[in-house]
Amino acid sequence: MSITSFELKTYLDSLLRTNEIADYCPNGLQVEGSSRVQKIVTGVTASQALIDAAIAKGADTLLVHHGYFWKGESQPIVGMKKRRIASLLANDINLFAYHLPLDVHAELGNNRQLGELIGASDITAAANAKPSGVVMHGKLESEHTTASLQQKLSEVLKRSVLAEGDSSAPISTVAWCTGGGQNFIEQAAELGVDAFVTGEVSEQTIHTAREMGIVFFAAGHHATERYGVKALGEHLHSHFDIDVEFIDIDNPA
Ligand SMILES: [Zn+2]
């Protein structure tokens, strides 16, 4: 089966409500390639390694969470940026990127998917963080301590996980934000949950965790953001009956 790139763009922009969510980058079709879409490769970041893997797979479309043209980045298309864009154009590959709209989507988003991996129920968007869905919270379905939740996160995300807090502290309620969400720790503490899970840590995050009495986990920016684009790809496969393949380019950050 195949669809047009215009059909795909229209479908994704509407599904992910791109015109309702302010962001730091353009969401949607960032680099135009083939007008026919038959083979989509999905991945977290449009790095050269992912582009090369998409070319090797014969893909006409690359769908990612982290694309290009971030607010504040240098605009000239030189160096690494030139090589990436040249590879896409030379191989007629569409680059679709969805950042915040993919973090917050109620079913397919990074946060929803991470909540399910954590084993949370009653998953709710935090009312004190914008856009809605950028922080979610819920109850853990099984009993946990800091140490056992650290171990569970490490198993499901397949990497080591930093934990800050008393290792035997009981944890029954959790808030989370995938990726670089450490600055939401204060909003998480305001929710009154036992723990906050995100991808990255900063020096000051540890002090905030200690002083606000919330257990903190940093489980990897890449690792916590694999699952939104993966779920979105699976959705596209079942909706359009087109070939979609998720490729994980490992990243320890
Ligand atoms: Zn991210």
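1. A quick definition to start: donors are N, O and S atoms within 2.8 Å of the metal (3.2 Å for Na, K and Ca), and since water is not among the atoms, sites may look incomplete. Along the sequence, the donor residues of the zinc ion follow the spacing H-x154-H-x3-E.

2. Before you go further, please keep in mind that this is a predicted model, where local features need pLDDT of at least 70, side-chain atom pairs count only at pLDDT 80 or more, and totals for chains, interfaces and linings use all residues. Residues are numbered from 1 along each chain as its sequence is written, and side-chain values use heavy atoms, with hydrogens and water left out.

3. Now to the zinc site. The ion has His-66 (NE2), His-221 (NE2) and Glu-225 (OE) as its protein donors, at 2.0 to 2.2 Å. His-221 has a relative accessible area of 18% and is therefore buried (buried means under 20% relative accessible area, exposed over 50%, partly exposed in between, with a 1.4 Å probe and protein chains only). Glu-225 is buried too, at 2%.

4. Next, have a look at His-105, which sits in the loop between helix H4 (100–104) and H5 (helices are DSSP runs of H or I with at least four residues, strands are runs of E with at least two, and both are numbered from the N terminus). His-105 is buried because its relative accessibility is 14%. A polar atom of its side chain lies 3.2 Å from the backbone nitrogen of Glu-107, and the backbone nitrogen of Leu-108 is 3.0 Å from a polar atom of that side chain. Leaving aside residues up to four places away in sequence, His-105 touches Leu-15, Leu-16, Arg-112 and Met-136 (contact means heavy atoms within 4.5 Å).

5. Gln-113 belongs to helix H5 (residues 110–118) and is buried, with 17% relative accessible area. Not counting residues up to four places away in sequence, Gln-113 touches Glu-107, Leu-108, Tyr-227, Gly-228 and Ala-231.

6. Finally, the helix pair. H5 packs against helix H10 (residues 226–240) at about 105 degrees, the axes being 7 Å apart (axes are lines fitted to C-alpha atoms, for helices over the stretch in contact, and angles run from 0 to 180 degrees between N-to-C directions). The two helices are therefore roughly perpendicular (65 to 115 degrees; under 35 counts as roughly parallel, over 145 as roughly antiparallel and the rest as oblique). From H5, Asn-110, Gln-113 and Leu-117 meet Tyr-227, Gly-228, Val-229 and Ala-231 of H10.

Technical notes. Polar contact = N/O pair within 3.5 Å; in protein donor to acceptor, adjacent residues only side chain to side chain.
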